[in-house]
Structure formats: C-alpha cells, structure tokens
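Subject: Structure handover

Hi,

Here is the structure I promised to pass on. Please open it and keep it beside you while you read my notes.

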Amino acid sequence: MLPGWRHVYSGKVRDLYEPEGQHPDGDVVLVVASDRISAYDFVLETPIPDKGVVLTQLSLWWFEQLTDIVPNHVVSLDVPEAVRGRAMVCQRLEMFPVECVARGYLTGSGLVEYREGQAVCGVPLPAGLEDGSRLPEPIFTPATKAELGEHDENVDFATVARTIGEADAESLRALTLEVYSRAERLARERGVILADTKLEFGRDASGTIVLGDEVLTPDSSRFWPADAWAPGGPQPSFDKQFVRDWLTHDSGWDRKSDSPPPPLPVEVVERTRARYLEAFERLTGHPIELP
C-alpha cells in the first residue's frame, strides 16, 4: 500500500499505481520497479536486491542523454518514501503495440533467424556472420507485444506498418535507430558494447511520440564488456546471465515442464546483483546511490 496511490497493474517487474481519486483515464501513473527478475517467461521466486533501483536510476540517466532526440514520459520524482529511488511519476501514454528493437550485433533470436534465412525481420544480412558479429549497420527488428507469460514474436517492417500505419512505423523506426546510435556510442566510450535494445513508445495527449517504460537497462538491452568481445559464441554480459546459466545448466529444472523454476542460490543472487550495479557504474561513470 502506498498512501495516496491505488494499485492498478503488475507486470513481470513493474507495478503501476494511479492517484487515489483520479479518473481511470487520468494524466499520470506511478511506475515502480520491483526487485523481481524473470527468465524463460517465468517471474522467479527469488528477487535480486536493489535491481529495481538500478533499472529506475539508469533509465533516468539515459532519458537525460536522449532529450534532444525524443521526449520521455517522466513527470516527477516526487514519490512515496517507501519507493524512493525505484519509482517515477509518468505521463499516461497511448502505447504503440510494438516492441521497437534495434540490433547492432547478431545474437539471440536474431541469430536464430539469420541462420534460417540470412535475414532478421525481413532485413537481409551478409553471409558469414557469427554469434556476436557486429552488423554492417544497426537494423530495426520489431516484435509484437505478447501477453504476460507469452513470447514476443519478431515481425518485419511491413507488419508494423499495417498495424499502426506507414507514417508512425517510419517514425518509430527512425527514432529507434537514432536512440540506439546515440546510446551505442556513449556506451562504447565507456568500454561497453550495446549489442541490442528494446524500446517502447507511446503518444501523449497532444499527439507527440514519447519514449516510455524503461530505457537501455540490463533488462531491456544486451550490454557486453568491450574488452571481452569475441565473435563466434555467447558473450559475457551485464544482465541476468548468471540466472539463466544456473537455470539451464545447474538447477535441474525442466524448462519444458509447467513447473516454475526453483529458488535461486545466494551466490547467483549476489553475482547477478553485482553485475547490475557494475553496469550502472560503468555506463554512468559513478556508483549508484541506494536509498
């Protein structure tokens, strides 16, 4: 319970609140990033301490770096004390039903598509690329938004244009690639590779396209240490790699079953937390201030 706010929604990581007494279509929402962590479309039983603070503070830092490219949804940081550091008061937006993904490197679902047809989301790519290869130029590889517990589905640009209209699709592609290019350069200057990232945009009451949700965090992006980059296989990363590796190789959990994943060991929790904190420090240039 947060004084003055009414809970309206919980996602995998975030909880949304509305001001008490506000009309359901009111202007603002309180976005609270929890310490929950998800993997393989399950929200795990074990949280990662301070993860929500990292996601919020890193998003705020990136919003500041991008204000000349696209406005963002942050209205105020005047939030209840119980969620200080991990919450933002944000504009209510009419969100586009598209995950806007930019890729500068080949890995993940993009690699799977490439191996099947030498293209990703309809974008043809050169032959001979490997897991971790840098692409000739960044590409826009959108996905449909899935319901909680379902997989997003990669689609081509034509599908996005049919869904939201050609003009908006062109705008989202241009903004996504411009944001990625700015962020990739800033990260590279700090010894970090931004392999890919997922952005979400909405439209405000005036019709302006606005950057929403989180932005350029280890939950929405693949960050790799530049000094360890070696195409040809999986790269070490600043995210929940330790969690996925433990679930895949050491937990004994059958991913194909309907049973939820087991609790995480203390060591995996501590190493994952340290990775999130390191990502924040390397990107921003200073340690995070924890509430």
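Let's start with two helices: H3 passes H4 in a right-handed crossing. Keep in mind that this is a predicted model.

H3 covers residues 157-164, and H4 covers residues 166-189. Their axes lie 7 Å apart, and the packing angle is about 130°. That angle makes H3 oblique to H4.

Which residues of H3 and H4 meet? From H3 come Phe157, Val160, Ala161 and Ile164. From H4 come Glu166, Asp168, Ala169, Glu170, Leu172 and Arg173. Sorted by class, this contact has six nonpolar and four charged residues, with no polar ones.

Next, look at Asp50. Asp50 sits in the loop between strand S5 (42-43) and helix H1 (51-65). Is Asp50 buried or exposed? Its relative accessible area is 18%, and buried means under 20%, so Asp50 counts as buried. Neighbours within four places in sequence aside, Asp50 is in contact with Asp35, Arg86, Arg273 and Leu290. Now find Thr272. Along the chain, Asp50 and Thr272 are 222 residues apart. Their C-alpha atoms are separated by 11 Å.

Last, the nonpolar core. The largest one has 65 residues. Those with the most contacts inside it are Trp62, Phe201, Leu211, Val215, Leu216, Val243 and Leu264. Take Leu211 as your example. Again leaving aside neighbours within four places in sequence, Leu211 is in contact with Phe63, Leu66, Val70, Pro71, Asn72, His73, Leu199, Glu200 and Phe201.

Best wishes

Technical notes. Residues numbered from 1 in each chain as written. Predicted model: local features only at pLDDT ≥ 70, side-chain atom pairs only at ≥ 80, totals over all residues. Heavy atoms only, no water. Core = buried A, V, L, I, M, F, W, Y, C linked by side-chain atoms within 4.5 Å. Buried < 20%, exposed > 50% of the residue type's maximum accessible area, 1.4 Å probe, protein only. Contact = heavy atoms within 4.5 Å. Helix = DSSP H or I, 4+ residues; strand = E, 2+ residues; numbered from the N terminus. Axes fitted to C-alpha atoms, helices over the stretch in contact; angles between N-to-C directions. Parallel < 35°, antiparallel > 145°, perpendicular 65-115°, else oblique. Left-handed = near helix turned anticlockwise from the far one by under 90°. Nonpolar A, V, L, I, M, F, W, Y, C, P; charged D, E, K, R; others polar.
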